[in-house]
Amino acid sequence: MITYSYRRAGDDDVDVITDVYNEAVIEGGSTTDLTPVGYGERKAWLDRHRDPYAVFVITAEEDGARRDIGFASISVFYDRPGYDGVCSLAYYIAGDARGRGAGAFTMRALLDEAAARGMRRACTTIFADNAASTGLCERFGFTRYGLMPAAAYDSRGALHAMSYWYADIGR
């Protein structure tokens with residue numbers, strides 16, 4: 001049986017965050033970055049997540065072995081004071097750890113953390129053909145509020161529609 005946990009990310013986690021993210025970039029289908037990002041870029045991104053925003057590292061434990069398998073973030077939705085209380089959620093799970101419940105664990109943790117941090121609404125933007133992520137949004141009660149056809153390329157040159165989702169989570 002696999003058990004999952006998470007912790008607030010710190011400087012010691014930039015390597016795993018960078019590795020997991022770059023795997024997703026190279027694989028295509030989940031991010032609009034077209035080339036892998038460097039350590040410095042990910043470190044700067046992590047540093048921008050000040051309370052109430054945060055980045056978390058996802059850990060899996062199986063048969064006594066623990067390893068970091070992904071990361072998740074609660075980020076600024078739009079940098080205007082009127083949007084305080086609305087956040088943007090994102091997560092990335094290592095390829096060899098997908099399909100085993102890590103995504104569902106991570107989504108639940110993100111929603112709980114966002115609510116605990118005083119957020120009233122969480123939003124996310126997903127490639128519309130990313131069935132795993134859109135399925136999690138549906139499972140966790142998100143509402144799709146928009147679809148932009150032929151909106152963004154991935155690193156493999158595929159052009160994707162983007163789907164926009166939100167969930168009411170607190171206040």
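User: How many salt bridges does the count come to?

Analyst: This is a predicted model, in which local features need pLDDT of at least 70, side-chain atom pairs count only at pLDDT 80 or more, and totals for chains, interfaces and linings use all residues. Residues are numbered from 1 along each chain as its sequence is written, and side-chain values use heavy atoms, with hydrogens and water left out. A salt bridge is a side-chain nitrogen of Lys or Arg within 4 Å of a carboxyl oxygen of Asp or Glu. By this rule, the number of salt bridges is 13.

User: By what distance in the helix are Lys43 and Asp47 separated?

Analyst: The side chains of Lys43 and Asp47 form a salt bridge, at 2.8 Å from N to O. Helices (H or I, at least four residues) and strands (E, at least two) are DSSP runs, numbered from the N terminus. Because Lys43 and Asp47 are 4 residues apart in helix α2, their separation is about one helical turn.

User: How many residues apart in sequence are the parts that Glu62 and Arg100 tie together?

Analyst: A salt bridge joins the side chains of Glu62 and Arg100, at 3.1 Å from N to O. Glu62 lies in strand β2 and Arg100 in the loop between β4 and α3, so the pair ties together parts whose separation in sequence is 38 residues.

User: Is Asp168, the partner of Arg121 in a salt bridge, buried or exposed?

Analyst: The side chains of Arg121 and Asp168 meet at 2.5 Å, N to O. This pair links distant parts of the chain, with Arg121 in strand β5 (residues 121-127) and Asp168 in strand β7 (residues 159-168), 47 residues apart. Buried means under 20% relative accessible area, exposed over 50%, and partly exposed in between (1.4 Å probe, protein chains only). Because its relative accessible area is 52%, Asp168 is classed as exposed.

User: Which residues are linked with Glu113 in a network of salt bridges?

Analyst: Glu113 lies in helix α3 (residues 102-116), and it counts as buried because its relative accessibility is 17%. Contact means heavy atoms within 4.5 Å; leaving aside neighbours within four places in sequence, Glu113 is in contact with Tyr6, Phe56 and Ile74. In the network of salt bridges, the residues linked with Glu113 are Arg8, Asp51 and Arg117.

User: What is the angle between the planes of Tyr21 and Tyr92?

Analyst: Rings of Phe, Tyr and Trp (its six-membered ring) pair if their centres lie within 6.5 Å; planes under 30 degrees apart count as stacked, over 60 as edge-to-face and the rest as tilted. The structure holds 11 aromatic pairs. Tyr21 and Tyr92 form an edge-to-face pair, with 5.1 Å from centre to centre and an angle between the planes of 85°.

User: Which residue is joined to Asp51 by a cis peptide bond?

Analyst: The omega of this bond is about 15°. The cis peptide bond joins Asp51 to Pro52.
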